[in-house]
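Please keep the sequence and the model in view while reading.

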Amino acid sequence: MKFQNPFVDCLCACAVTPEFIEKCADAGVAAINKCICTDESMYQAIKEICNYREFIEKHSDIAMLVRRPEDIEEAYRQHKVGIMMGFQGTLPLEYDVRLADIYADAGVTIIQLTYNYRNLVGSGNMENNLVGLSEFGYEVIERLNKAGVLVDLSHACEQTQLEALKASKKPLMISHANCRALHNTSRNVSDEVLEAVRENNGLIGCCGFSAFIKPGMVANTLDEMIDHIDHMVEICGIDHVAIGGDLTEGRTEEEFLQYNYKPSVIPPWPWPYTIDFESTYKCRNLENALRKRGYTEEQIYQIFYGNFMRVFREVKA
């Protein structure tokens with residue numbers, strides 16, 4: 001079944017199984033940015049690349065590896081889900097920017113600069129001493145720009161985000177975050193960052209994780225999620241807003257223990273999510289809620305698909 005608005009999930013943390021991919025394909029999901037690495041070493045990252053390429057090859061009837069925008073279009077035409085391999089951190093670079101070229105050649109299309117804490121590139125949002133980009137960080141952005149890898153600024157602190165948005169010659173993405181003006185948590189972004197995203201001609205993906213939508217560490221409604229979309233549209237414009245669910249269906253608490261989350265930012269397990277948007281394949285509930293809020297079909301198309309594709313094409317140009 002073809003939908004008027006194909007969907008790209010700018011950050012998918014769900015367990016990728018054949019059953020999950022089939023449900024996504026049936027829901028009109030054109031592509032997902034699948035986080036395959038966070039704080040892993042080069043060796044671990046290469047193993048994960050091999051694992052995902054093997055999965056895609058084994059399930060080529062429903063999945064396709066995405067290297068370029070045309071792959072997403074082709075996946076959707078064939079009723080498949082395009083899988084973009086992404087890193088949520090730059091530790092796999094191991095202080096050698098040349099590895100960016102190797103990962104790009106292997107099919108990695110998106111690399112996030114930092115996770116929650118400081119690394120060799122910059123500072124994450126959970127640090128107490130927040131700093132901007134390191135000299136190595138500037139080198140990484142330049143190399144990723146040249147390699148055609150989309151730079152993701154999620155989880156970075158504000159100073160790192162602002163300096164990266166100014167430094168990059170290509171559009172950048174904050175794949176999964178919400179608005180600090182509506183919920184003041186360190187994982188959300190300020191209006192200054194939203195304005196910088198617009199100036200960079202980049203993108204922010206509204207997140208379905210309840211802890212970034214409202215206080216209280218409890219599940220939120222679709223309307224409460226759309227309040228953040230409304231604010232993003234108001235500050236940085238409709239051309240710069242997308243969806244990055246950050247949903248974790250099929251994952252276990254043990255998989256996340258290593259990341260040392262601060263309880264004030266990330267609630268105890270089980271984590272709460274937007275009601276009726278707890279998994280990527282439930283995107284049509286969000287689409288209908290956007291329609292009820294008054295978004296036009298053209299605007300929904302932009303948020304669901306068009307804006308990401310525009311940024312991806314510019315990064316690959």
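Helices and strands are here DSSP runs, helices of at least four residues (H or I) and strands of at least two (E), numbered from the N terminus. On that basis the chain, which is a predicted model, holds 10 helices and nine strands.

The overall form may be taken first. The C-alpha atoms fill a box of roughly 45 × 45 × 40 Å along the principal axes. For 317 residues, a compact globule would have a radius of gyration near 20 Å, and the 18 Å of the chain agrees with this. Of the 317 residues, 60% count as buried. Among the contacts with a separation of 6 or more, 71% are accounted for by residues 24 or more positions apart. The accessible surface amounts to about 12500 Å², and carbon and sulfur atoms contribute 49% of that area. The chain carries 31 positive and 46 negative charges, whose mean positions lie 3 Å apart.

Helix α8 comprises residues 222-236. An α-helix has 3.6 residues a turn, so residues three or four places apart point the same way. The buried residues of α8 are L222, M225, I226, H228, I229, H231, M232, I235 and C236. These buried residues pack against the strands β7 (173-177), β8 (203-206) and β9 (241-243), and against the helices α7 (191-200), α9 (283-293) and α10 (297-316). After α8 comes G237, with a positive phi near 95°.

Helix α9 is among the partners of α8. In α9 the buried residues include C283, R284, L286, E287, A289 and L290. The buried residues of α9 pack against β1 (7-12), β2 (29-37) and β9, as well as against α8 and α10. Like α8, which is followed by G237 with a positive phi, α9 is followed by a glycine, G294, whose phi is positive and near 115°.

The loop between β9 and α9 contains several residues of interest, one of them S279. Is S279 buried or exposed? S279 is buried, because its relative accessible area is 0%, and the cut-off for burial is under 20%. Beyond its neighbours within four places in sequence, S279 is in contact with C14, F20, L247 and E249. P270 lies in the loop between β9 and α9 as well, and a cis peptide bond with omega of about 0° joins W269 to P270.

A further residue of that loop is N260. Phi of N260 is near 55°, a positive value in a residue other than glycine. N260 is exposed, since its relative accessible area is 53%, and over 50% counts as exposed. N201, in the loop between α7 and β8, is also a residue other than glycine with a positive phi, in this case near 65°. With a relative accessible area of 31%, N201 is partly exposed.

Definitions and conventions
Residues are numbered from 1 along each chain as its sequence is written. This is a predicted model: local features need pLDDT of at least 70, side-chain atom pairs count only at pLDDT 80 or more; totals for chains, interfaces and linings use all residues. Side-chain values use heavy atoms; hydrogens and water are left out. The expected span of a helix is 1.5 Å times one less than its number of residues. Buried means under 20% relative accessible area, exposed over 50%, partly exposed in between (1.4 Å probe, protein chains only). Contact means heavy atoms within 4.5 Å. The radius of gyration is taken over C-alpha atoms; the globule rule is 2.2 Å times the number of residues to the power 0.38. Accessible areas come from the Shrake-Rupley method with a 1.4 Å probe; for residues, only the protein chains shown count as cover. Lys and Arg count as positive and Asp and Glu as negative; His and the chain ends are not counted. The place of a charge is taken as NZ of Lys, CZ of Arg, CG of Asp or CD of Glu.
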